[in-house]
Amino acid sequence: MSTTPAAAADPSFDTIPKDDKRITRGWTFYDWANSVYPLVITSSIFPIYWGSMVKAVTNTDSGKTPVEFLGLHVPGTSLQNYSVSAAFLIIALISPLLTALADFSGRKKLFLQIFCYIGAISCACLYFFEPNTFTISVFVFIMATVGFSGSIVFYNSYLPDISSEENFDSLSARGFSMGYIGSVLLLILCLMLIQGPTLSGTPMFGLDAGTATRYSFLLTGIWWAGFAQIPFFTLPADRGRPAGAVSESGWLLNGFRELGKVWEETKHQPNLKRFLLAYFTYNMGVQTVMYVATLFGDEELGLDSKSLIITILLLQIVGILGAYLFSKLSERIGNTRALSWAVFIWMLICVAGYFVQAGWSFYALAAIIGLTMGAVQSLSRSTYSKIIPENTPNSAAYFSFFDVTEKVGIVIGLVVFGGISQLMGGNMRYSILALIVFFILGLIFLLQLRGKKLRDTDASEATTLGPPPATPNVGMPASAR
């Protein structure tokens, strides 16, 4: 089969040591640094605080009450979902070009740092989120989400750069585990700060609960930017391009050219397209559940904030076990089979979510969600690293396709979830049950990869110097290769 030649292997890969403990350990610390954002801001403290701000702005007792935003009246809970969707759409539009520019300019770490600081500073500025700053705070929240999502693209793209293929699964799992541990530690610190006044009856450090909550947003931004200095110091330096190699006016044009080159390469990699299609569908369901879990517990089950926080902590702790458990499972039965089992469990979760009630059944379901949540996220990242061309100089651009697939899926998933809930009179149970369609489709697409060599031969030959190395069949266990 004739192919369009892909970019040649990057000579700088020869200077990046694979599986260097100092580099890989430093890389995992970015998970430790930035995972506090999805836990504190996306999942736990901020959604509860958002609801209280909606109630304060509207002078009602319901977070679903329409709030005025830019002349429109939008339900408070929906506005938060729309804000997340807007941030993801921004990243979906700009990240392919920015990652192509990063690959072309050889400044991937610089782009990682830029998005990290955008996110961390915006997160810290949520300290000023009060009823009289509601509108501007929505935009600050969007910018924080843009920073978080944008930095993840460049962070993930380092995995094939610094690790040998046989260690992708374990290193990816270690990164997610570090993120779960670090985020839980900060959440506990924030809860001590917030719950202190409630438990003692007197303000802790002179702070009431509302002010303490806003300080938790400030702490999250500081934690994120502070611990990010570890990977910034240990990851390989940007190789850059020789001064004067490209005129300033040529950077944007070459970014488009680099993006076009990668797009042409993907046309001759059917397995990459199959996996992205599978990832798009099943991850649509996974991410939607993660983003609406707190709202479901609050609005549908009537759980108090303490129960919600306990549930979220349970998700994080069990997620550590899930990431390692499925990493070991993938070594025995292969990546696609392990992912297929995880997606099948998610199908059962959707059915259980329709019937779940407050109490032990809810906590049991949360534990299973945590187990498969860590598994799907970790294995998806490492499996994709095994599919893209080996030693490609365009790793960031390739991971932008991975990220865009995720972000567009989240937007669609949230819209579908909200639309079904609205049609059913606000009942979220039907929305949870409907998500099973995404998992069924994802499983069907995953099954098309079973028994195949995930990295396409043509892509491997086009991106390696000399004879291509043997490509492990990561879709099957070693005994069946």
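Start by selecting F275. Apart from its neighbours within four places in sequence, F275 touches Y282, L339, S380, T383, Y384, I387, F402, L446 and L449. Show the side chains of these contacts, and keep in mind while looking that this is a predicted model.

**The nonpolar core**

What is F275 part of? F275 belongs to the largest nonpolar core, a set of 136 residues. Together with Y282 and Y384, F275 has the most contacts inside this core. Now select residues 270-300, which make up helix α12; this helix contributes 13 residues, the most of any element, to the core. Colour residues 18-237 as domain 1 and residues 262-452 as domain 2: both give residues to the core, so the core lies between them. As background, nonpolar side chains in soluble globular proteins tend to be buried together.

Next, select K386 and D169. These two residues form a salt bridge, with 3.0 Å between the closest N and O atoms. Where in the structure do K386 and D169 lie? K386 is in helix α15 (residues 360-387) and D169 is in helix α8 (residues 168-200), so the pair ties together parts that are 217 residues apart in sequence. Are K386 and D169 buried or exposed? K386 and D169 are both buried. In general, side chains of opposite charge can pair when their charged atoms come close. The count for the structure is six salt bridges, and the next stop shows another part of that set.

The side chains of D403 and K407 form a salt bridge, at 2.6 Å from N to O. D403 and K407 are four residues apart in helix α16 (residues 395-423), which means that about one helical turn separates them. The general rule is that an α-helix has 3.6 residues a turn, so residues three or four places apart point the same way.

K407 also forms a salt bridge with E406, again with a distance of 2.6 Å from N to O. Through shared partners, D403, E406 and K407 are joined into one network by their salt bridges. How buried are the three members? D403 is buried at a relative accessible area of 3%, and K407 is buried with a value of 3%. E406 is buried too, with a relative accessible area of 16%.

**An enclosed helix**

Move to residues 36-43, which form helix α2. Seven of the eight residues in α2 are buried, so the helix is largely enclosed by the rest of the structure. Which residues of α2 are buried? They are V36, Y37, L39, V40, I41, T42 and S43.

**The hairpin**

Select residues 66-69 and 72-75. These are strands β1 and β2, which run antiparallel and are joined by four bridges.

Now select L70, in the loop between β1 and β2. Most residues other than glycine have a negative phi. L70 counts as exposed, at 58% relative accessibility.

D19 lies in the segment before α1 (21-34), and D19 is partly exposed, with a relative accessible area of 31%.

**The cysteines**

How many disulfides does the structure hold? The structure holds zero disulfides. A disulfide is a covalent bond between the sulfur atoms of two cysteines. For C125, the closest cysteine sulfur is in C123 at 9.2 Å, which is too far for a bond. For C190, the closest cysteine sulfur is in C123 as well, at 9.3 Å, and that is also too far for a bond. C125 is partly exposed, with a relative accessible area of 33%, whereas C190 is buried, at 0% relative accessibility.

Definitions and conventions
Residues are numbered from 1 along each chain as its sequence is written. This is a predicted model: local features need pLDDT of at least 70, side-chain atom pairs count only at pLDDT 80 or more; totals for chains, interfaces and linings use all residues. Side-chain values use heavy atoms; hydrogens and water are left out. A salt bridge is a side-chain nitrogen of Lys or Arg within 4 Å of a carboxyl oxygen of Asp or Glu. Helices (H or I, at least four residues) and strands (E, at least two) are DSSP runs, numbered from the N terminus. Buried means under 20% relative accessible area, exposed over 50%, partly exposed in between (1.4 Å probe, protein chains only). A nonpolar core is a set of buried Ala, Val, Leu, Ile, Met, Phe, Trp, Tyr and Cys residues joined through side-chain atoms within 4.5 Å. Domain bounds come from an automatic or database domain assignment. Contact means heavy atoms within 4.5 Å. A disulfide is a pair of cysteine sulfur atoms within 2.5 Å. Two strands pair if DSSP finds at least two bridges between them.
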